[in-house]
Each structure stands twice: as C-alpha cells, then as structure tokens.
Amino acid sequence: MGFHEIFIDMVWRIMANNWYSIIVNGKRHGFFHSTRGLKQGDPLSPALFILGAEVLSRSLNRLHSNPDYHGFVMEPRGPQVNHLSFADDIILFTSGRQKTLKLIMQTLNLYEETSGQLVNTDKSHFMVHPNAFNSTRDRIKRLTGFRQKEGPITYLGCPLFIGRPRIIYFSDLINKVLCRITGWHTKMLSYGGRAILVKHVLQSLPIHLLAAITPPSTVLKQAQSIMADFFWGWRNEKKKYHWASWKNLSFPYDEGGVGMRNLKDVSTSFQYKQWWIFRSKHTLWGEFLKAKYCQRSNPISKKWDTGESLTWKHMMHNKHKIEEHIHWKLNSGNCSFWWDNWLGMGPLAYQSTGSNRFNQITVADFWLEGRWNLNMLLQQAPNSQLANILATELHIQQGIPDQAVWKPNSDGTFSCSSAWNVIREKRNKTKFNSLIWHNNIPFKSSFLLWRALRGKLPTNEKLTSFGNEAANCFCCCNRPGLDTIEHTFNKGQFATNVWKSFAAPAGIITDHSSLPQLIMQWWSAKANNEAHRLLLQATPIFICWNLWKNRCASRYGGKQSNISRVKYAIYKDNYKLMTTCFPHIKWPSRWWDLIQLGEKCTQDIKVTVVKWIKPPNGWVKINTDGSALGNPGRMGAGGIIRDQYGEMLLAFATPLGEGSNNQAEVAAALFGMTWSLERGYRNIILEVDSQLLVDWIENKTIPHWSINTRLLKLQALIRQANEIKCKHTFREANFVADSLSKHSHKITSPQIYLGIQQLPKETRAYYQLDILEMANFRRRRIKKIKEPP
C-alpha cells in the first residue's frame, strides 16, 4: 500500500505488545496482555479494530462540514451528534434527504474498502417517525439497502423507545430473572443458599439497565416479587407463605434486616449518579442536555415541563435532594455564585428574592485582586450570609475548575453505594441485631433466630390467625395449644432443660421471662477472649436452631423428641464452628470441657518499649496531638517544640471549635509548623501519633474532603523547610503533646508557653520524664488465641 517500513514496524510493535485494563466503577483494575482476536472469527486484534473504528467515527464527524449534509435536527449551540458507537454496533442520526443519505453511504463504503470489513445489511435497519412520508421511507430503503423496523428496539441491552415507558418494553429483564430461577428450582437450597443467589446474582441482573434507564415501578416490583418467591420457596407448584415483607428484609443486619436491597432505592441511586455526572463532569451527554434545557439558566433553577425527556424528568425530580450532598470546592471560582453550594449553607439563591439571582454570575466575579470584593458583596449578596462569605478563605488556583465534592464519601468522590445509603430508609442500629449474625455461623441458623424473635414461624401464634386449630406441644408435654414460640424455645420443660445444661457450665444463670431476655444474658456475659466471646454468641443461636429441628422432626418426620440428640447436635455445631475459626487448637469432645477451654484460652501480650528520642544536632522536633470530645465534637490541639538537648523551645494549647479527631490532628500539626517556621527553624522533625496524618502528608492515602484545604496549607508549610521528616510515634512517646491537647478543652483562647514553669502540672511531669529518657511500655493483645499452658 506504499507505507514506509518504519511505519509498518511501528504499527506491528503496537499490535504485538498490547495491554488492556478493565475499568470497574470508574477505576482501573490491573492489566492483562492481548492474546486473542475478536469474536466471530475476526482475525484483527482489538487494538487494530479500535483504530479502524476511530477512522470511521472521524469520517462521520467530518460530514458536518459538508454543505450538502443535513443531520438530525439538534440545538445549534450544543454538540452536533450524527452517530453513537460501541464496539461494532453503531447508531446513525440523520435526515432522510437524498444527498445526505448518499454521503453517509459513501463514507460507509469507503470504510469497507479500506478496512476490509463489511456492513451486515441483514442486521441493519432504519427507523423513522410514524408520520414520515412513504416516499421518504422508500428513498431510505433504496439508497441504504436496509429494512425498516418499528420501535421500540433494544440496543446494548436497553430498550430505546419514544413516549411513556411501558411494562412490555422491559419484559427481557423479567425473563432474565425467571430464566435464572428456573435452573435453580431443581436444587435443594437452604435459606442461606437462596439468600446468596438473590443478593449476588438476581439483584445484579438489572444493574446495567438501571444505570441507563429508569423502568416503571411496576417492573421493579414484579422483579422483586419474583425474587421474594424464590427466596421463600415453592411447594407443589405453589408459592410458600412469605413470612416477612421484602421491605423488612431490605435492611442491613444491624438494623434488623437480612441484607437484601430494594430495587427502587438502587434505581434512584443511579438517577443520583446521572445528576452527579451531569453537574461535575464534561461529557457529550451532559453538554447535549445543557444545550437543550439550560442555555440561559442554571440547572438547579430549571423546572420540568411537559414534553421534555423522561431522563430529564427524573433528574429534575431528584436534584434538590442530591444537591444537599454536593459541596463545591473553590479553585478558579467558575461555579455559580447563586446556585452552587460553595459556602456550605445551600444555594444563596434561596436566601434572596432579587432578580439578579437568575443571572449566570460566578464566584470569581466577586473577587478582586485575590480577595473578596466587599463593595460588590454589599450590593448583591444576602446580608444574612455576608459574614460567612467574608470568613471563607480563598486559595485561588487559576485554570483549575472548581471541584464538586460528594459529602457522604470521605474522599469526596461519588459512589452508588453511598448514594443508596443516603436514599434508603433507615432504622436504629442495635448490638442485639448484629449479634444474630456471624460470618462463620450458617445463615439458616441465624435466620431461624431472626424469625423466632419476630414471631415469623408457623406456630400457634400465626396458624390460629389463618383459621387453623391450635396445635399441641410436639417437644415435651403434648399439652394442647402449647406449640408456641415461647414454649418451644424458652419456657417449655424440654427447652428449659436444654438451656440449663449449656448455661450451667458457662456460668450463666438463665432467666426465662422472655426469649430475647434469655439470649441477651448470653450475649452480655463477660468474655475472657475472642474464642470465649464466639462461644457465648453462637451457642444461643445453635440451641434455638436445634430445638426447632427437634420440633419439626417430631411433627412432620414422625421422630420422637429426644433431648440427648438435641444436646449432642448443639455441641457438634459449636465444635465445628470453633475448629473452623481456631483450627490450631485441639477442642475437646464434651461441652463442659469445650466451654472451660474457651474461657481459659489466652492471648499473648506484646510489650513494646517506647520512649521519646531527642532530635539530631541542628534539628528541632515538633510533637503535636489533636482531639475532639465526642468525635465530632469540641476540638483542641496541643504541641511542643524541643531542640537537640530535649529542652523546650515553645509549647502551645489551643481550642479549635467543632470538628473531628482527624481535623484536630491536622490543625495541631499546622499550628506547630507555623510557629516553628516563624521562629526560624528550618530543619524539622514533625512527630505525631496519627499514622493516618503521616500518610496524608506523604500523599499515600486520600484525605477526607473536609480537611483537604488545611492539609494543603500544611504541605505548603512543609515545603518551606530546608529539611523535614514526618514520623509516626506511639501515644506513649507523645504524652506531652497529648496532655496539652487535653488541657486545650479547659481553656477558651490559645495559650503559648515559653518556659517550663508555665506548663500545666501534668504536662510538666511528662516533660521531665522525657528529659530523663524514661521508657514507657506499650501493651497490646495479639489476636491469635492460644491454648492455656
């Protein structure tokens, strides 16, 4: 073809050594080498295909400059789009004019001749408006060779339609869920197995669709209903009774649920993501919507109007709720002064009634020579917020756009999981709910206890409400009407004997007033170590599970109730749990010995000698510490600067207002660095007891968005030093700064100490110990459990 050997060699090297990375949730994860061609037998490598597809895309975009080309009618001040492509699928947007169609076909024919690839006419089709002339339809068929197809169509797994979304458009989603479940009906699955399949398979099927389109709520309810039917099971081609609603199942474990998710909340979280992308990123989709709906006004001030798209309707419906969680970090000041939440108090437009709030003025327009323009603020800004605006520190970085911060995430980036956590209904978290579950306790056992505590079992309490006669006890006394949850699990003679036989060796005095009270006695008992704590948590769960198995075996299996069999099964469940969690310990074959060994197991204590070390000659050392009462709560900071002999040069204690421990740690280091540089010290060791702060300073981890500004200030001060080292030390070697930090909560204004006698009494004592190089001993339990000697 006339290409030079150097060019051919360059292309060959690109093709022969090609690596790819998969992007998951916007982040790259690893690399892998390209070793195979495309599917369908195409010998081209993916990279070469991408190059060819780019040629086709640019050729189609070049048609806009041709005077004979008339594309799809779009907003002239927005992006002009004539195609969208994904891999080898492409959608063209164009008018039905003859010259335009010829230009498009010429472009496609040229690509076919150049690349060797052909357009598959059997899979290609065109769509026109229902009111289009027949002559237009015939012209398109004649010039393209494609057949006509009526909407809606499915593209990349999503239905494309005009008008209101109909349930039938989303039948593929329902069919996918049903097809998956059909293959599982023949398998004997426990509640735990079905829960895993629902959480990790069935609930993931609609994710791709929900990310692009919002289905009708009826579709989501139908899919959710199918999942609920599968979870509770079928018998003789009939659905079993649903003992709990999907709403009650759709809470985290510690809030009283079983970890399912409400698809409506998941769908809304993706709507939040669409608004976040629209507001914070420059995308073709976002620019198209802004040109169509927001040419003269800010998106937040817009209202949805009849005839506008369904996606825009959902965005307009959710925008005020989402904007509560978006904060704008000022860089160049290009965000809206009135409508963007850059002050942290919400949009200023809501606190003003003037017509100027509808203009497109930016925050930078209120700056003058790097400071706030007071005259302009007095003329236009709301009087109630003038003090807050003037108190906002400016760190102007020209050329860097203002950054949107997602407040629910510590690093300020958006995630659907954090949005879901904001949207969903919440209940109070309790330790009792969380102790029902453990990763190594079978789900079926924990779920049985979950149901028993909520009265969701087929016992007399429920069966009589269905019109059935009250059943007799199947465990011990055979007395009529005693097949109840309390009798079966707690107050019956059979249950009481089982509980006592396990409680006595564990040193627990049982109180059978109620089942929750009985279980709480076990879970509130003092544990000597992790193995003992696990036994106290698991044993009530296994007792309830095996009591229920015994009751069902007696009622439905024809077996006689046997207390010895139940006790052995409970011991066996505990034995399996302990050998799984602590395989290095030889667990005995009797419950009495098992619980005694669990109580006597030990954990080694690691003792570390810790002491404060003087800095080298010509250096100073800054020790700082910050704390917050309540975290978040009232903050305070303290620190001390010492020379090579350990002599105090300066110490400080200062209150900081309201905030978190991490904010206080950064502020303390910032205060100490400022004083050190002002006093002319340039060789500095900054020593703190927060490893997180050291990692932030060294850019090893991403800091919380709320402390990013202060951290940047601290890093700027650090760069002013000639030489600096940031070190982490243990609390035992930082007692002087720690005591000053605690003292800061007792004062109302910053205090600077220049002499030893000025220091608080406790701080002075710790200082003298550091001068004497007195060692402290740091004791920490090692996690590994050991058998008693």
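Modeller: The end C-alpha atoms of residues 616-746 lie 34 Å apart, and this span is 36% helix and 34% strand, where helices (H or I, at least four residues) and strands (E, at least two) are DSSP runs numbered from the N terminus. The model is a predicted one, in which local features need pLDDT of at least 70 and side-chain atom pairs count only at pLDDT 80 or more, while totals for chains, interfaces and linings use all residues. Residues are numbered from 1 along each chain as its sequence is written, and side-chain values use heavy atoms, with hydrogens and water left out.

The limits of the span come from UniProt, where an unreviewed entry places the feature "domain: RNase H type-1" at residues 616-746; UniProt positions are given in the numbering used here, feature names are shortened, and annotations may be inferred rather than shown by experiment.

Let us turn to the strands. Strand E19, which covers residues 683-688, has a parallel partner in strand E16 (residues 620-629), the two being joined over five bridges, and it also pairs in the parallel sense with strand E20 (residues 723-728), here over six bridges. To say that two strands pair is to say that DSSP finds at least two bridges between them. Strand E19 is mostly covered, since five of its six residues are buried, where buried means under 20% relative accessible area, exposed means over 50%, and partly exposed lies in between (1.4 Å probe, protein chains only).

A residue in another strand lets us look at the surroundings of one side chain. Thr654 lies in strand E18, which covers residues 648-659, and Thr654 counts as buried because its relative accessible area is 3%. Once its neighbours within four places in sequence are left aside, Thr654 is in contact with Gly636, Ala637, Phe671, Ser744, Ile747 and Pro750, contact meaning heavy atoms within 4.5 Å.

For comparison, consider a nonpolar core, that is, a set of buried Ala, Val, Leu, Ile, Met, Phe, Trp, Tyr and Cys residues joined through side-chain atoms within 4.5 Å. The largest one has 92 residues, and those with the most contacts inside it are Leu249, Phe447, Phe489 and Trp499. Its largest share, twelve residues, comes from helix H22 (residues 530-556).
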